[in-house]
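Dear colleague,

Please find the structure below, together with its sequence. My notes on what was found in it follow directly after.

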Amino acid sequence: MSDTTSHDRVWELMEVERPINKEALEKHFVHHLQYSVGKHRFNTQNQDIYKALSLTIRDLMVDRLNETQHNYRIKNPKRIYYLSLEFLIGRTLTNALINLGVDKLVEEMLTGMGYDLNEITECEADAGLGNGGLGRLAACFMDSMATLNLPGYGYGIRYDYGIFNQHIENGAQIEKPDHWLSDGSPWGLVRADTYYQVHFYGHVGHKVDPTGKVIQQWIPVETVLAVPHDYPVPGYNTTTVNNLRLWSSRSSEEFNLDYFNHGDYGKAVEDKQKTENISKVLYPNDVTEQGKLLRLKQQYFMVSASLQDIINRYKRANTNYNKFADEVAIQLNDTHPSIAIPELMRILIDIEKMDWDEAWSITTKVFSYTNHTVLPEALETWNVSLIEYLLPRHIQIIYEINFRFLEEAKVSGTMTDEELSQMSIVQEGGDKKLRMANLAVIGSHKVNGVAALHSELLKTIVFPAFYKYTPEKFTNKTNGITQRRFLLKANPSLSKLIYSKIGDKFISNLSALKEIEGYLGDKEFCENWRLIKKENKEKLAKVILSETGIVVDTDSLFDVQVKRFHEYKRQLLNILHVIGLYVQIHRDPNFEVLPRTFIFGGKAAPGYYMAKLIIRLINAVASKINSDPLVRDRIKVVFLPNYRVSQAEIIFPASDLSEQISTAGTEASGTGNMKFALNGALTIGTLDGANIEIMEEVGEENIYIFGLKANEVFELKHKGYDPKEYLDKNSILQNIFTLIKENFFIPDASDLFKPIYDSLTTTDTYMLLADYQSYADCQKIVSKDYKNTDSWTKKSILNVARMGKFSSDRTIMEYANEIWKVKQMEVKPPKTTFKIVNDRF
């Protein structure tokens, strides 16, 4: 039988100082290799080394995580909770080594053992728990919160299968499951002893309390367990390690023995399988009703478990809710978690017995909402009938929120009936829907866009009635990226060159890059800059050869567009321009073309027919051009399959030209534009999203801008846009469309690309034809400028030097100071200590 003294002995042993040096790290690593991985010298593979090393590094992070959480518990600061359905983490090992300051120590240790650190890190699967920029932004924000010593927590779902693996077969996208957990993940700490019940379905009953008050009581019929997996997130050059908590779903009944004993073996585990589908796949296809139901279940599952966890943590230090809004800030990353607003109201009213006004006051002080889109079809809506079926109590609360808000707005006397209709959560009609973005705006004290233009469009186009009624709610927080991953990790050679001139301060203060402008006249510096770009292009060329079999010329301009496929992002405009070059070369074999390698990458949602057809067209054009002896030595087209974070870290440093060509007024911000520019690529783009602010920072002479502005897009649509007007007066476009219409690129697939032809010649929603000639003319200027090597190099240097604004550190400090009101705090080093390697280069 244990006693207090023996318990104390455990904590005493944990508190013993254990300095980490090379010798101690080696012993720790070998221990994990032998006992955690179970290997010996005769059967050890690189994968085993990766596992043992990851567990070793995780131990260092857990020491600091425990100390960080203990410090938060003692000091009880206001905490920020970041709710997101996506966290596109990518690979963890190298980033953790850099942030902990042990990358060189580990490299030296492995080299002494006969292993190459770069080869070992390639064993790690990408954690593809996101679809694109939204999820990668969330991961960058977690890195910055820890680096800035902000008491922050991330909440999401630990999907068994992340974003699908993309294969290209006969030019078409084929989706395969992403088995990122097939060999386990060494980074997550499962907290099986800490789980929460999440309820679904049922009905709402009533009961009377002793005072005679009628109480609403949700009586659910399905219960799921939410089990947390904790992923430590280390800050750079600090002892802070914050926590990303991802939930997995588990059945409340693992196994029905009665069914099994009666021979119904499938039924015995059916409930378990249905329950665990909730955390099975990132974004199930919601074309079917079952898909919609599962996606809504995912959203509620995540927010219900997270709010229970947040409240549980709050109650450790408090006996009532008087300080809840002073100690808790919750950020909704887009509309996906917005069901958290009625869920917190349900908890406060039904469980904590608050009256409505008090509960609503707390709720609106706690929540803030980031909008990530201006596209009406991307603003999430749910059928009322679906929420009534799955969450019967929540639909009542949402109706009450809506009624009270509209009554208050009506009484103000400032809003018209049309504006009240625009603000209503309920979209009336034959099939009533709930507008989740409206719910998020109403239930939050701050609403932000993610670039200056985007935030203005929220006020004038997306939420004009809300802005008129509560203008103080609206603000801008331009997105940012973490330079630790997308410069220091992705481009070590360039980082080393920069360090040789200005030191390492840019790693934690990106604005320090401004100092490299002083070396524009340094010929050796500029030459080294070019050599590093060439080395990075050679590295990417090897990847292209390995994955596609295509040989590319590293002296050609690498013209790159890698991002999620969507019509508004206009990958189609890019390939139309490529076809245009093909046409001109065949018209005149002496036509002068700067050698270019056009590189595409990105995934289309499984149910997005048109985006998948554009991928098919790109691959068809690539096949034709790359096999044409007249063209292939001048231009080449590559589609890199299965675009992901680890691949992006190779692509960005190798790129010469960054394609950011969305229709003006459609891209909220973009962060790929920042990652390219931070690695010395020049941007060709429209005045859309963060492109505008990048132009303002780098200077108009160091970026290539074309096309209609957002106001011109809206005016032209209002006046009546006819794409045929542009087609009829452009002979190159006419030739391009003839090739598409006549199945030139895939002769044996009759009318395959007819939907593209019909769409562009009739509606052309995203105005490709209106912008085509401006885009083609701008590309000619790019070709001319690229030939001037010295001038291009200086433009590249200036792009990097002026990227200081676009660090996620800056973005997060703005959130912390202006929205969350969360303060930085230092964390003392744990007993397991090691020297931060400042002179990492």
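Which residues does S306 touch, not counting residues up to four places away in sequence? The model is a predicted one, and in it S306 touches Y155 and W247. S306 belongs to helix α10. Its relative accessible area is 0%, so S306 counts as buried.

**Helix packing**

Helix α3 takes part in two of the packing arrangements that I wish to report, one with α2 and one with α4.

Helix α2 covers residues 22–36. The axes of α2 and α3 come within 8 Å of each other and cross at roughly 125°, which means that α2 is oblique to α3. This crossing of α2 and α3 is right-handed. On the α2 side the contact is made by L25, H28, F29, H32, L33 and S36; on the α3 side it is made by D48, I49, A52, L53, L55, T56, D59 and L60. Sorted by class, the contact of α2 with α3 comprises 8 nonpolar, 4 polar and 2 charged residues.

Helix α3 (residues 46–75) also packs with helix α4 (residues 93–100). Here the angle is about 45° and the axes are 11 Å apart, so α3 and α4 are likewise oblique to each other. The crossing in which α3 passes α4 is left-handed. From α3, the residues Y50, L53, S54, I57, L60, M61 and R64 meet L93, A96, L97 and L100 of α4. By class, the contact of α3 with α4 holds 9 nonpolar, 1 polar and 1 charged residues.

**Salt bridges**

The count of salt bridges comes to 47.

K280 forms a salt bridge with D160, with 3.4 Å between the closest N and O atoms. The two residues are 120 residues apart and link distant parts of the chain: K280 is in the loop between α9 (265–276) and α10 (289–315), and D160 is in the loop between β4 (152–157) and β5 (165–169). K280 is partly exposed, its relative accessible area being 26%, whereas D160 counts as buried because its relative accessibility is 18%, under the 20% cut-off.

K477 forms a salt bridge with E818, and their closest N and O atoms are 2.8 Å apart. K477 lies in the loop between β19 (474–476) and α20 (483–489) and E818 in helix α34 (residues 808–820), so this pair ties together parts that are 341 residues apart in sequence. K477 is buried, at 1% relative accessibility, while E818 is partly exposed, with a relative accessible area of 43%.

D809 forms a salt bridge with R484, the closest N and O atoms being 2.7 Å apart. D809 is in helix α34 and R484 in helix α20, and the pair links distant parts of the chain, 325 residues apart. Are D809 and R484 buried or exposed? Both D809 and R484 are buried.

With kind regards

Methods. Residues numbered from 1 in each chain as written. Predicted model: local features only at pLDDT ≥ 70, side-chain atom pairs only at ≥ 80, totals over all residues. Heavy atoms only, no water. Axes fitted to C-alpha atoms, helices over the stretch in contact; angles between N-to-C directions. Helix = DSSP H or I, 4+ residues; strand = E, 2+ residues; numbered from the N terminus. Parallel < 35°, antiparallel > 145°, perpendicular 65-115°, else oblique. Left-handed = near helix turned anticlockwise from the far one by under 90°. Contact = heavy atoms within 4.5 Å. Nonpolar A, V, L, I, M, F, W, Y, C, P; charged D, E, K, R; others polar. Salt bridge = Lys/Arg side-chain N within 4 Å of Asp/Glu carboxyl O. Buried < 20%, exposed > 50% of the residue type's maximum accessible area, 1.4 Å probe, protein only.
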